[in-house]
Each structure stands twice: as C-alpha cells, then as structure tokens.
Amino acid sequence: MPRPRIPERRNRILDAARDLALEKGWRATTVADIAGRVGIGKGAVYLEFADKPAILEAALLRSMRQLTGVVHDRITASVELVTLPALYGIAVEALLGDPLMRAFSLGDEGVLGDHVRTVTDDRYHLRFSWLLDYVAGLQAAGVIASDVPRETLGRVLSAFTIGLLHTPGTLGPITDTQLRETVTLFADLVGRGLATEAPIDPIAARATQAQLLDTLADQLDQLQEQT
C-alpha cells in the first residue's frame, strides 16, 4: 500500500530547508538533513520535490509570496496615499524582515551558496506586462505624469528591480544599509522625475497597487504549484 501522506509535510520540509540554510548554509545542507529535521525519510522528501534545488526554489517562492502579502497589507492599511517611493520603501523593509529573502537579495552566499543566479522561465516577461498596466493605472490616478511613455517607464522600473536582484552576482554581496540607500535614492529620483500637478485620486491609486500585488501573488501561487 502507498505510504500515507503526512499533513502539511510540504510546508514542514520547506520550514526545515529554510532553517537549515540560515543555520549552516545551503551548500552544507543535504536532503538527509532536511528529512531528519522534519522526522521523515528521504524518500518522503522526494515525494514532494524532485531534487534539492527544487526545495530551495520552492522555499524562496513561498517567502516571496508571503512578502507580497505583507506589502499588500501595509498598503491597504495605510490611511495616506502610498506614493511610488513609499511603495519601494515598504517593499524593501518587508524584504529585509524575511531572513531568506534578505539572503537572496543581498547575495549572501553563506546562506544560499550559488543557487538561484538566473531565472529561466518567463516570469519576468509576464511581470513586465503587469507593470505596464500598473503604470497606466498610476497615470490615470494622477500619481505620475501622464506624458511619460508607459513602456519606457516600465522598462526603467523593471531594469532596476531585476538588476538589483542580480547585483550580488556581478558586484558582490551588499549590506542592508546599501540596499536601503540604493532603493531609497532610486525611488526618490523616480518620484521627483514623475511628479505631476494633476489632482490625485488616492482610491484609484491604491486599487492599482493592490491589483499589481494580487496579480504577482497569483503568479507565485502558480509557480509554487509547479515545484
């Protein structure tokens, strides 16, 4: 008879993988270590994941999904308009509050080794199309200038975000402070450059931001199901 599945086994495996990566580093972590931490056999781990890299990919996707939820909650809870610079600030603080995402974004090889240096699927292409909708929504709400070419601005924002994630692989690891300073300066420059005298519709702006985060969350859910 097939071995009975353990409730929440997948999440327990991901919890163990995350904790071990933070404690001893992903290079030194084995599937046997993960199985031992959960209290199951290695075979049970392979019932959930194809291999060790798939475990870390799933752990990172889960952390990113949780981070997206945190940002969404902070935006919807804000009584004031969340400007583009403020949104970047909220996102980076949420990121630094998640140890695994922090290690990924800062290029902490002591935690993640050389894993996840490239993304080979089309997730960034999809996010670019969503970003264009986001820019259009902010323009319609009066948050950013309507005469700025939508696709050009989308490429600028995408290039910064993707480039920042790949910075550790090219320029070396960075610190929390360097990450905050980089994001803050970029967001401030963009905010000033896109400022407009038009009246702002804060309800429409908030709805646009929430829609982008909801769409990203849906994509992350789908990616998690595929791992």
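How many helices and how many strands make up the secondary structure of the protein chain? The chain comes to 11 helices and 0 strands, where helices (H or I, at least four residues) and strands (E, at least two) are DSSP runs numbered from the N terminus. The model is predicted: local features need pLDDT of at least 70 and side-chain atom pairs count only at pLDDT 80 or more, whereas totals for chains, interfaces and linings use all residues. Residues are numbered from 1 along each chain as its sequence is written, and side-chain values use heavy atoms, with hydrogens and water left out.

From the N terminus on, the order of elements is α-α-α-α-α-α-α-α-α-α-α. The C-alpha trace of the protein chain spans about 65 × 40 × 30 Å along its principal axes. Of the 227 residues, 44% count as buried; buried means under 20% relative accessible area, exposed over 50%, and partly exposed in between, with a 1.4 Å probe and protein chains only. Among contacts with a separation of 6 or more, 73% come from residues 24 or more positions apart, a contact being heavy atoms within 4.5 Å.

One region carries an annotation from a record. UniProt, in an unreviewed entry, places the feature "DNA-binding region" at residues 30-49; its positions are given in the numbering used here, feature names are shortened, and annotations may be inferred rather than shown by experiment. Over residues 30-49 the chain is 75% helix and 0% strand, and the end C-alpha atoms are 13 Å apart.

The packing of two helices may be considered next. The axes of helix α6 (residues 99-106) and helix α9 (residues 150-171) come within 7 Å and cross at roughly 70°. Such axes are lines fitted to C-alpha atoms, for helices over the stretch in contact, and angles run from 0 to 180 degrees between N-to-C directions. Helices α6 and α9 are therefore roughly perpendicular to each other; angles of 65 to 115 degrees count as roughly perpendicular, under 35 as roughly parallel, over 145 as roughly antiparallel and the rest as oblique. On the α6 side the contact is made by F104, S105 and L106, and on the α9 side by L164, L165 and P168. These residues divide into 5 nonpolar, 1 polar and no charged, with Ala, Val, Leu, Ile, Met, Phe, Trp, Tyr, Cys and Pro counted as nonpolar, Asp, Glu, Lys and Arg as charged, and the others, Gly among them, as polar.

Charged side chains pair elsewhere. The whole structure holds 11 salt bridges, each a side-chain nitrogen of Lys or Arg within 4 Å of a carboxyl oxygen of Asp or Glu. One of them joins R37 to E23, with the closest N and O atoms 2.9 Å apart. This pair links distant parts of the chain, since R37 lies in helix α2 (residues 31-38) and E23 in helix α1 (residues 9-24), 14 residues apart. R37 is partly exposed at 41% relative accessibility, whereas E23 is exposed at 53%.

E151 is partly exposed, with a relative accessible area of 43%, and R155 is partly exposed, with 49%.

In helix α10 (residues 176-193), R192 and D188 also lie 4 residues apart, about one turn of the helix. Their closest N and O atoms are 3.1 Å apart in a salt bridge. R192 is exposed at 64% relative accessible area, and D188 is partly exposed at 29%. Elsewhere, salt bridges that share partners join D15, R18, D19 and R62 into one network.
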